[in-house]
Amino acid sequence: MIQHIKVHEVLQQSVAGFYADLVTRPTGRAVRESIERALPEGTIAVMDFTGVGCLDYSCADEIVAKLVREKVRVLLLRGTSDAHRDAIEPVLLGHGLAVVWERPDGTLHVIGAREPAAALLDELVAQQVAARTPGGAIALTAA
Amino acid sequence: MTRLVEVPGQFDDRSFDQFAAAYAQAAAGGERLLFDAHAAEWASPYGLVGLLAAGEAAGRREGGERPLLTVPASAEVVSYWARAGFFREAADLFEVHGKVPKTKPATESEVLLPVTPVRAAEDVHAVVSTIQQRASAILAKELGLDPKATMGFAMALSEACQNIVEHAGAGGWVAVQAYSWRRKLARRVVVIAVADAGVGFRHSLEPSQAKRFGDRWGDAAALEAALIQGTSRFRDPGRGQGLAGIRRYLARWEGKVAIRSGTARIAIVPRWDDDVPLRDGLAAFPGSQVLLIIPEQGSAQA
């Protein structure tokens with residue numbers, strides 16, 4: 001079963017003050033801890049960034065990298081902007097980690113370190129969470 | 001007795017070492033300091049936040065009285081410093097002498113972010129939120145940056161401010177301005193200046209890095225470790241990404257980053273600039289001072 005995380009909602013619930021930006025370590029830590037409490041270990045999770053403004057490296061590290069490293073089996077990012085991925089990708093590379101990124105057209109791609117990236121889409125297909133489309137791309141079978 | 005620290009007439013990162021030398025000399029004794037800015041004709045954001053850092057450090061010295069500050073003689077300059085938010089912060093640090101206009105910090109196009117204190121994560125949130133509202137049009141229309149670059153700009157600003165919260169052990173200030181840089185570039189630039197009077201990079205990194213550098217350890221080595229090698233005082237492998245991210249963002253837009261801390265200054269120098277990559281043996285100045293410059297894209301040569 002896929003777990004769904006709406007990052008903007010978690011941000012609103014985790015931090016005092018109405019913020020749309022995921023910046024600073026304390027904010028990232030608070031958001032990650034909220035997510036961790038609701039997330040079974042070794043799960044496949046979709047993390048939706050819709051509504052999130054600025055994402056800095058500190059939060060990319062605290063939330064995305066630490067969840068991939070310590071909690072989830074496969075993390076799929078949805079609703080990310082170019083700027084979000086600009087923050088996430090170097091952090092993943094620094095840790096030797098990778099995540100799946102869902103484009104607006106629904107096709108799945110991997111970002112991050114090459115070695116773990118190769119296995120991620122295969123894992124989603126093997127779990128029957130994703131499948132090849134007639135065009136040869138890979139997309140989720142159920143969002 | 002009062003010791004005089006002269007504020008340079010053109011007060012920016014280039015003249016900062018002259019100011020730091022005057023500060024170091026005057027602060028060596030226990031006397032009260034007088035920062036004399038009456039002849040100041042212009043100050044960059046770097047000069048303004050650097051002056052606040054000096055004021056804080058001066059007042060914090062053992063037995064140090066709150067320092068004095070004489071405001072610029074030029075009404076136009078005083079007005080600009082007021083609109084840039086300088087005096088709002090200076091009032092807590094200095095005994096200010098001279099007439100200061102009761103002006104609210106500006107919302108004019110040049111002052112993207114008036115001098116703003118940074119003490120905690122909440123301050124960084126406020127800064128990032130403000131800058132996204134104010135900077136987008138300037139970055140896109142005046143500097144020719146891709147509109148998407150605004151988010152990267154906010155990210156770089158966030159990381160620069162977080163260095164204060166995470167490492168300085170004291171509060172600091174940030175200011176962001178856009179202006180025409182005729183002298184150097186003949187084009188417009190956006191400048192982010194961040195300064196604190198905290199412990200500085202060497203002290204912050206010493207427990208984890210000093211042994212690795214051996215005899216070479218000092219302010220210059222600490223700056224090199226932080227900016228070039230991306231090391232952090234924290235063992236967590238995800239740390240040290242912030243300055244690397246700033247470097248990447250500035251490299252994409254041909255920008256410049258320079259950090260002064262203690263007795264050293266390091267810079268990633270773009271081709272339009274002739275700054276020195278690393279200077280050591282400068283006059284000691286407390287804390288860290290960070291300068292980020294993003295030039296208008298592609299319209300002029302160095």
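The buried residues of helix α8(B) are covered by elements that include α7 (200-213), α9 (241-252), β10 (256-262), β11 (264-268) and β12 (278-279) of chain B. The model described here is predicted. Helix α8 spans residues 219-228 of chain B and is mostly covered. Of its 10 residues, 9 are buried. The run of buried positions in α8(B) comprises Asp219(B), Ala220(B), Ala221(B), Ala222(B), Leu223(B), Glu224(B), Ala225(B), Ala226(B) and Leu227(B). Just after α8(B) comes Gly230(B), with a positive phi of about 65 degrees.

In chain A, strand β3 (residues 72-78) is likewise described by its burial. Here 6 of the 7 residues are buried, so β3(A) is largely enclosed by the rest of the structure. Strand β3(A) pairs with strand β2 (residues 43-48) of chain A. The pairing is in the parallel sense and runs over 6 bridges. One of the residues involved is Met47(A), whose bridge partner in β3(A) is Leu77(A).

Two helices of chain A pack against each other. Two packed helices are described by the angle between their axes and the distance between the axes. For helix α2 (residues 25-38) and helix α3 (residues 57-70) of chain A, the axes come within 7 Å. They cross at roughly 25 degrees. Angles under 35 degrees count as roughly parallel, and α2(A) and α3(A) are therefore roughly parallel to each other. The crossing of α2(A) past α3(A) is right-handed. On the α2(A) side, the contact is made by Arg25(A), Thr27(A), Gly28(A), Arg29(A), Val31(A), Arg32(A) and Ile35(A). Helix α3(A) contributes Ser58(A), Cys59(A), Glu62(A), Ile63(A), Lys66(A) and Leu67(A). By type, the residues of this contact divide into 5 nonpolar, 3 polar and 5 charged.

Chains A and B also touch. Their contact takes 24 residues from chain A and 22 residues from chain B. On the side of chain A that touches chain B, the elements giving two or more residues are α2, α3 and α4 (82-95) of chain A. Helix α4(A) provides the largest share of that side, with 8 residues. The residues on the side of chain A that touches chain B divide into 10 nonpolar, 8 polar and 6 charged.

Key
Residues are numbered from 1 along each chain as its sequence is written. Chains are lettered from A and ligands numbered from 1 in the order in which they are written. This is a predicted model: local features need pLDDT of at least 70, side-chain atom pairs count only at pLDDT 80 or more; totals for chains, interfaces and linings use all residues. Axes are lines fitted to C-alpha atoms, for helices over the stretch in contact, and angles run from 0 to 180 degrees between N-to-C directions. Helices (H or I, at least four residues) and strands (E, at least two) are DSSP runs, numbered from the N terminus. Angles under 35 degrees count as roughly parallel, over 145 as roughly antiparallel, 65 to 115 as roughly perpendicular and the rest as oblique. A crossing is left-handed if the near helix is turned anticlockwise from the far one by less than a right angle, and right-handed if clockwise. Two residues are in contact if their C-beta atoms, placed from the backbone, lie within 7 Å. Ala, Val, Leu, Ile, Met, Phe, Trp, Tyr, Cys and Pro count as nonpolar, Asp, Glu, Lys and Arg as charged, and the others, Gly among them, as polar. A residue is buried if 20 or more other C-beta atoms lie within 10 Å of its own, exposed if 12 or fewer, and partly exposed in between; C-beta atoms are placed from the backbone. Two strands pair if DSSP finds at least two bridges between them.
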